[in-house]
Amino acid sequence: MSDAPVTSRNPTDLRPEQLAGPRRPTSTRPRLLLLSYHFPPGQAPGALRWEMLATHADRRGYGLDVLTVHPASLPASDLSRLTNLPSDTRVLGVPLPELLVERAEHAAWRMLRRLRGTRPEVAPAPTAPVAGDIKSPGSPGSYGRHEIPWSWRSVACWKRVYYAWLEAAKDLAWALRATDAAGAWLAEGGHQAIICCGPPHMPHEAARRLAAATGLPLVLDLRDPWRLQQRLPATIASPYWFRLAERYETRAVAAAHLIVTNTEPSRDGMRAVYPAQAGRIIAVMNGYDTDPLPPSRQGDRFVAAYAGSIYLDRDPRPLFRAAARVIATHQLTPAQFGLAFIGNVDSYGGVPLRQMAVEEGIGKYVETGPSRPRAAAMEFLAGATMLVSLPQDSDLAIPSKVFEYARFHAWLLALASRESATGRALSGTDAHVVEPSDEAGITAALEQRWLAFAAGQRPGQLRGSEPLSRERQAAILFDALALRLSGAPALQPVS
């Protein structure tokens, strides 16, 4: 894929802006340059990983310089999160560029809309798809890797190829602009490594080029798999997406001094694909943090809660059916037992969540609400008796909420296979890990906890969760980084 030309209606919109930290480093200690599309003030879940790792980098004696998306290019931002960073962490916000092809596409839609004004028979112009959109009933929101339809004669298939290319081109164009903007920081000297965190993954290519140009070691941090991705939004699901992923990941891995995956199964998969680099590939899970939590607020009502998004493959219906059995068996009222959801939870596969609950006979037991700021979401979780992680068929990844849940005084129910990344992470804890299709098993887990609750028991923090802490995971990362930067031999793969 060639580098796509960029333009903007207003060139001043594309000026990077320093959002946090001093103009120049306040000490002579070594620094790390981080390229991460998601970072505060962005509020995407992926921003939390290096927001928290910044503190651990500081404790290890590293200053951190971060290149991220400018808040003006984000749907929502929270500038207050920048105040939580170590005082000498510098953050440069780089606005997203507009590709020439996007500008032409937007102009075409505007012209079509004008034509609609004089020709009523012209169909309404559709909005250009955005990766991750949830489709209407009958149109899947995502495809598993081996479910992707393909036909040379299908216009829909070629549209997905186009949007896969467009996504990659936009991500790379932004990342190249960001790495160009890093020139002044790099000229100061003192940087020990370039770290790139994705997805989006095309910034890894920009980081690879920058590492080659500067001679600095390259560290790839794969929050989610790249070529091993198991599920894609329908708008970009195409064999071409995987062809791009394989091409650019292979280049990046060959150049990297350290490759960090987010789970043990993902690490094992990467080692199988790249046996020559196996000693450089490690697993560093997100982990949970130790910042203060709101106090637990468990009353006389059993509440199974979920906070996040219901999309792609996170089907809540097995949970609803299991809850319906427990409610019927024990003749429970909504005052005794309920399910609560907040976030992007209005529907699944185009079907409203409330409608699903009614169809399963538990409409009065299910509550839904919109996304909340982080502090309010923590208050919501603090009121739960049981916290639920919904199923996903991407078994190489662990939903970030699993780590968050581990901190609360609540029982944990994870709908996942025991061989999945989630199942392996929770194997040493007292969480219930149940196959998503095992409605009897889900029923048994709910019933066991309900009976304990009815007998007066109240949950504590997840037992056996110490290895899941961010502190423990950060130690794995920075120990490996120190070894690689010292020129030590490659780490020997461990199971």
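Predicted model: local features only at pLDDT ≥ 70, side-chain atom pairs only at ≥ 80, totals over all residues.
Figure 1. Together with Trp-152 and Trp-158, Trp-150 makes a nonpolar surface patch of about 390 Å².

**Figure 2. Strand E5 and its covered faces.** Strand E5 comprises residues 90-94 and is mostly covered, five of its five residues being buried. Burial applies to both faces of the strand. Arg-90, Leu-92 and Val-94 are buried on one side, and Val-91 and Gly-93 are buried on the other.

**Figure 3. Pairing of E5 with strands E2 and E4.** Strand E2 (residues 17-20) runs antiparallel to E5, and three bridges join the two. Within this pairing, Gln-18 stands opposite Leu-92 of E5. Strand E4 (residues 63-69) pairs with E5 in the parallel sense, over five bridges. Here Thr-68 has Gly-93 of E5 as its bridge partner.

**Figure 4. Cysteines in a structure with zero disulfides.** The structure holds zero disulfides. For Cys-197, the closest cysteine sulfur is that of Cys-196; the sulfur atoms are 7.4 Å apart, which is too far for a bond, because a disulfide requires a pair of cysteine sulfur atoms within 2.5 Å. Cys-197 has a relative accessibility of 1% and so counts as buried. Cys-157 also counts as buried, because its relative accessibility is 4%.

**Figure 5. Two cis peptide bonds between prolines.** Most peptide bonds are trans. The bond from Pro-40 to Pro-41, by contrast, is cis, with omega near 15°. Pro-41 is found in the loop between strand E3 (31-36) and helix H1 (47-59). The peptide bond from Pro-199 to Pro-200 is likewise cis, and its omega is near -5°. Pro-200 has its place in the loop between strand E8 (191-198) and helix H5 (203-214).

**Figure 6. The backbone at Gln-331.** Most residues other than glycine have a negative phi. Gln-331 is not a glycine, yet its phi is positive, at about 50°. The residue lies in the loop between helix H8 (317-330) and strand E14 (337-344). Gln-331 has a relative accessible area of 66% and is therefore exposed, since the exposed class begins over 50%.

Methods: Residues numbered from 1 in each chain as written. Heavy atoms only, no water. Buried < 20%, exposed > 50% of the residue type's maximum accessible area, 1.4 Å probe, protein only. Helix = DSSP H or I, 4+ residues; strand = E, 2+ residues; numbered from the N terminus. Pairing = 2+ DSSP bridges. Patch = residues over 30% accessible without salt bridge, like charges linked within 9 Å, V, L, I, M, F, W, Y side chains within 5 Å. Areas by Shrake-Rupley, 256 points an atom, 1.4 Å probe, with all protein chains shown as cover. Salt bridge = Lys/Arg side-chain N within 4 Å of Asp/Glu carboxyl O.
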